[in-house]
Amino acid sequence: MANRKAKIERTIAGLQAAFPTQADRIKPLGIGIKQQICARCTLSHREVGAALRRYTGRVAYLLKIIEGAVRFDLDGAASGNVTAKEATHAAEQIKKIFVTVAGEPMSKIEPNVRAK
C-alpha cells in the first residue's frame, strides 16, 4: 500500500513538472482534464486517474472549489467555472475528511462561496 501511494505521489510530481502552469498554486482543474493528460503523455488511464483522485481529494484542492471559481486546462487557459453543485460536493468531501480525521462530526460546514 505504501508503495502504491508513493507511486501515485511520483506520478503527481511528474505531471506537475510536465504541465507547469503555476504548479505551485492549486487551482480548480478543468472538466475532462484526464483525457487531456492522457492525450499528451505516456501514462496509462489508470495511473492518471489514480493521481487525479488523490490530487483532487486533498483538502487544499477542495478548498479551491468555490462557486464561480475559474477552472483551468493544461495550458493554463480558463476552462469553465465551478458550479454551485460542485462547490457543495467539495464542502461535503471536506466534511467527510474532517469527520474521519477527528473521529467526530463537525458542527456545520457551509458550501464554499466567494468572500464578499
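**Pockets and cysteines**

Biologist: Which element gives the most residues to the lining of the largest pocket?

Modeller: This is a predicted model, where local features need pLDDT of at least 70, side-chain atom pairs count only at pLDDT 80 or more, and totals for chains, interfaces and linings use all residues. Residues are numbered from 1 along each chain as its sequence is written, and side-chain values use heavy atoms, without hydrogens and water. Helices are DSSP runs of H or I with at least four residues, numbered from the N terminus. With four residues, the top contributor to this lining is α5.

Biologist: What is the volume of the second largest pocket?

Modeller: A pocket is an open set of points on a 1 Å grid over the protein atoms alone, where a 1.4 Å probe fits, with protein on both sides within 12 Å along at least five of seven lines; lining residues have an atom within 4 Å of a point. Ten residues line the second largest pocket, with Arg 25, Ile 26, Pro 28, Lys 64 and Ala 69 nearest its centre. Its volume, the space filled by probe spheres set on the points, which are joined across faces, edges and corners, is about 170 Å³.

Biologist: How many disulfides does the structure hold?

Modeller: A disulfide is a pair of cysteine sulfur atoms within 2.5 Å. The cysteine sulfur closest to that of Cys 38 is in Cys 41, 6.0 Å away, which is too far for a bond. The number of disulfides is zero.

Note on methods. Helices (H or I, at least four residues) and strands (E, at least two) are DSSP runs, numbered from the N terminus.
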